[in-house]
Amino acid sequence: MLTIHYSPFRDSDGAITKDSKDSKAARQALGPEWRQALQYEDTLIQSLAENLGDEYVLICNLTLPQMSHETDMILFSRRGIWVFGFFYLEGLYKTDGARLFAYSTKQQRYKRCRPDVIAQTYQAAAALNQSLESSLPQQNIRLPWIIPVIILFNPKTNLQLADTVTTTILRPAGFYEFSARTVRKFNEVISEEELETIINLVKAATQSVEPAPPQKKTFVRRETRHLGLTTSQWIFLFSIMITVCLILSAIGVRIYQTPSLQTMLLSLWDQTLRLIR
């Protein structure tokens, strides 16, 4: 399998950058867990490379025409084209058609996930289809299947699928089955020469496209901070303050209602002042 990388944080052979300057840029662009995320992606690339022959071509981090984000991976073959979208965040999610919803513990309900990896991957597949469908008929080439695939790298991602599943969802445990069997079960619909033409058309269509900024690859959703503290930390701090105020108020009421306590405290206060003097 031929692999082509467009990521600025890999070298021409696909190895993750070790340069300190590039590493700093990668951390700023992708997040603090950027290296772990790229290593997870390498497991998928390795699985595909071990099970697919030389006629397969994998293009990584390509920005397609009219897209505001890069496409994580596109696998080209004589059997079809697979468009991959990667998801790393932990939490509870559910699908609704080609949309992804995240459960908000604060609002106790599901809300639209931003960014929505499923919607983005379908958009990338549609953009790829649009860039090819106008050119291929002129060359009498049939457009292969274009299939969106979502990869869930984080084991703490809990995804509830809708009754009608329209999206292929994969976890690392399913990489071998996908690369060794699923991809191969499709019939070949184009020749090697036609596949090469398709890849060249995609490269030509993306040459004039400005590379989209990389998206964050974070495994934990970071809470918004206010004056250095998250919302949950502020709530915890205020609850402690209120508890202390209630305890002090209860003690004050008790002293006010008990004359003997008042006399004892006044006596202790008087003795303390004498010792200080």
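This is a predicted model: local features need pLDDT of at least 70, side-chain atom pairs count only at pLDDT 80 or more; totals for chains, interfaces and linings use all residues.
User: Let's start with the six-stranded sheet. What order do the strands of that open sheet come in?
Analyst: The order is S1-S2-S3-S4-S8-S10, and the pairing is mixed.

User: Which strands stand at the edges?
Analyst: Strand S1 (2-5) and strand S10 (168-170). Each has a single partner strand, so one side of each is left without a neighbour in the sheet.

User: And how much are neighbouring strands turned against each other on average?
Analyst: By 20 degrees, direction ignored.

User: Ok, S4 next. How does S4 pair with S3, parallel or antiparallel?
Analyst: Antiparallel, over 4 bridges. S3 and S4 form a hairpin with 4 residues between them, and Phe76 stands opposite Ile81 in S4.

User: What about S4 and S8, how many bridges there?
Analyst: 7 bridges join S4 to strand S8 (residues 146-152), and the two run parallel. Ile81 turns up here as well: its bridge partner in S8 is Ile146.

User: Is S4 largely enclosed or left open by the rest of the structure?
Analyst: Largely enclosed, because 7 of the 7 residues of S4 are buried.

User: Which way do the residues of S4 point?
Analyst: Ile81, Val83, Gly85 and Phe87 point one way, while Trp82, Phe84 and Phe86 point the other way. All of them are buried.

User: Staying inside, how many residues does the largest nonpolar core have?
Analyst: There are 24, and Leu75, Phe84 and Ile151 have the most contacts inside this core. Helix H2 (34-51), strand S2 (57-62), S3, S4, S8 and helix H4 (175-182) each give two or more residues to the core.

User: Which element gives the most to this core?
Analyst: H2, with 4 residues.

User: Back to S8. How does S8 pair with S10, parallel or antiparallel?
Analyst: S8 and S10 are parallel, over 3 bridges. The bridge partner of Ile150 in S10 is Ile169.

User: And Val149, buried or exposed?
Analyst: Buried, because its relative accessibility is 0%. Val149 lies in strand S8. From Val149 to Thr167 there are 18 residues in sequence, and the C-alpha to C-alpha distance is 6.6 Å.

User: Switching to the other sheet. What order do its 4 strands have?
Analyst: S7-S6-S5-S9, forming an open sheet with mixed pairing. The edge strands are strand S7 (109-112) and strand S9 (157-160), and each pairs on one side only. The twist from one strand to the next averages 35 degrees.

User: In what sense do S5 and S6 pair, parallel or antiparallel?
Analyst: Strand S5 (residues 91-96) and strand S6 (residues 99-104) are antiparallel over 4 bridges. Thr95 stands opposite Leu100 in S6.

User: How many nonpolar, polar and charged residues does the lining have?
Analyst: 11 nonpolar, 7 polar and 8 charged.

User: Pro115 is one of those closest to the pocket centre. Where does Pro115 lie?
Analyst: In the loop between S7 and H3. Look at the backbone there: a cis peptide bond joins Arg114 and Pro115, with omega of about -5 degrees.

Key. Residues are numbered from 1 along each chain as its sequence is written. Side-chain values use heavy atoms; hydrogens and water are left out. Two strands pair if DSSP finds at least two bridges between them. Axes are lines fitted to C-alpha atoms, for helices over the stretch in contact, and angles run from 0 to 180 degrees between N-to-C directions. On a 1 Å grid over the protein atoms alone, a cavity is a set of points where a 1.4 Å probe fits but cannot get out, and a pocket is an open set with protein on both sides within 12 Å along at least five of seven lines; lining residues have an atom within 4 Å of a point. Ala, Val, Leu, Ile, Met, Phe, Trp, Tyr, Cys and Pro count as nonpolar, Asp, Glu, Lys and Arg as charged, and the others, Gly among them, as polar. Buried means under 20% relative accessible area, exposed over 50%, partly exposed in between (1.4 Å probe, protein chains only). A nonpolar core is a set of buried Ala, Val, Leu, Ile, Met, Phe, Trp, Tyr and Cys residues joined through side-chain atoms within 4.5 Å.
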